[in-house]
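Here is a short briefing for a first look at this protein. Please view the structure first, then read the points below.

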Amino acid sequence: VRVFDLRNAYVTAKLNRPVYMTPPQGYEREGKVLQLHKALYGLPASGRAFYKSFDRYMRSVDFKPSKVDPCLYVHKSRQLMLLSYVDDCVLLGAQGFVDAAFARISADYSVRDLGFPADLLGMQLERSGKLLTVRCERMIDNMITRFNIAPKLVTTLMASRECDAAQARLVAPPPRRCPAWL
């Protein structure tokens, strides 16, 4: 997992139709306007222009948008995914694939590497070796507070499982009390 930000994303996108603006203060000339060739922050067409530009780029480097979410791109190898939100991106996949894709994108865009995220979309992520732990404690606590939900504690049992002779026998832990919202 790697998070990065595309710097000056909007100003890299070309506008697909003519857009005119009055010159900024100090550059005015009577009866003259400026034609923009590239998008600017604050311009209504900028977001769409950047998305179309970034989408063309992602397709050119063998990523296809998901049919469910057009901001989720899946590499043709199916070993790598990129999730974009405006100019913020998350690469997900095996570390070698993530590093190679990040290097390729960095060569074509100015990026700010934010590394491994501690928080992502309200979830807490922790990495320990090859293990990735995803927790949603804060999100659940915020929802409980926001919607004024009273948590109920219930007892849950985990069933024991028989393993073949080569594996150790897994025994169910004693019952735990877990929050559940019914």
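Two strands pair if DSSP finds at least two bridges between them. This is a predicted model. Its mean pLDDT is 80, and 85% of the residues in the protein chain reach 70 or more.

**A three-stranded sheet**
- Three strands form an open sheet in the order β9-β10-β11, and their pairing is antiparallel.
- The edges are β9 (119–120) and β11 (131–135). Each has a single partner strand, so one side of each has no neighbour in the sheet.
- Five bridges link β10 (residues 123–128) to β11 in the antiparallel sense.
- Across from Gln-124 stands Arg-135 of β11.
- In general, strands of a sheet pair through backbone hydrogen bonds, either parallel or antiparallel.

**Nonpolar cores**
- The largest nonpolar core has 27 residues. Phe-4, Leu-6, Phe-54, Leu-82, Leu-91 and Ile-105 touch the most other members.
- Two or more residues each come from β1 (2–6), β2 (14–21), α1, β6 (80–85), β7 (88–93) and α2 (95–108).
- The top contributor to this core is α1, with five residues.
- A second, separate core has five residues, among them Val-1, Val-90, Leu-120 and Leu-125.
- What is Leu-91 in contact with, leaving aside neighbours within four places in sequence? Its contacts are Val-1, Arg-2, Phe-4, Leu-80, Met-81, Leu-82, Val-98, Ala-101 and Phe-102.

**Two positive phi angles**
- Most residues other than glycine have a negative phi.
- Asp-62 is not a glycine, yet its phi is positive, at about 70 degrees. Asp-62 sits in the loop between α1 (46–60) and β4 (63–65).
- Is Asp-62 buried, partly exposed or exposed? Asp-62 counts as partly exposed because its relative accessibility is 35%, and that class lies between under 20% and over 50%.
- Asn-148 is not a glycine either, and has a positive phi of about 55 degrees. Asn-148 belongs to the loop between α3 (137–146) and β12 (152–156).
- Asn-148 has 71% relative accessibility, so Asn-148 counts as exposed.

**Where to read with care**
- Over residues 162–182, pLDDT stays under 50. The model has 33 contacts beyond four places in sequence for this stretch.
- Where pLDDT is low, the predicted coordinates should not be read in detail.

Key. Residues are numbered from 1 along each chain as its sequence is written. This is a predicted model: local features need pLDDT of at least 70, side-chain atom pairs count only at pLDDT 80 or more; totals for chains, interfaces and linings use all residues. Side-chain values use heavy atoms; hydrogens and water are left out. Helices (H or I, at least four residues) and strands (E, at least two) are DSSP runs, numbered from the N terminus. Buried means under 20% relative accessible area, exposed over 50%, partly exposed in between (1.4 Å probe, protein chains only). A nonpolar core is a set of buried Ala, Val, Leu, Ile, Met, Phe, Trp, Tyr and Cys residues joined through side-chain atoms within 4.5 Å. Contact means heavy atoms within 4.5 Å. pLDDT is the predictor's confidence in each residue, from 0 to 100.
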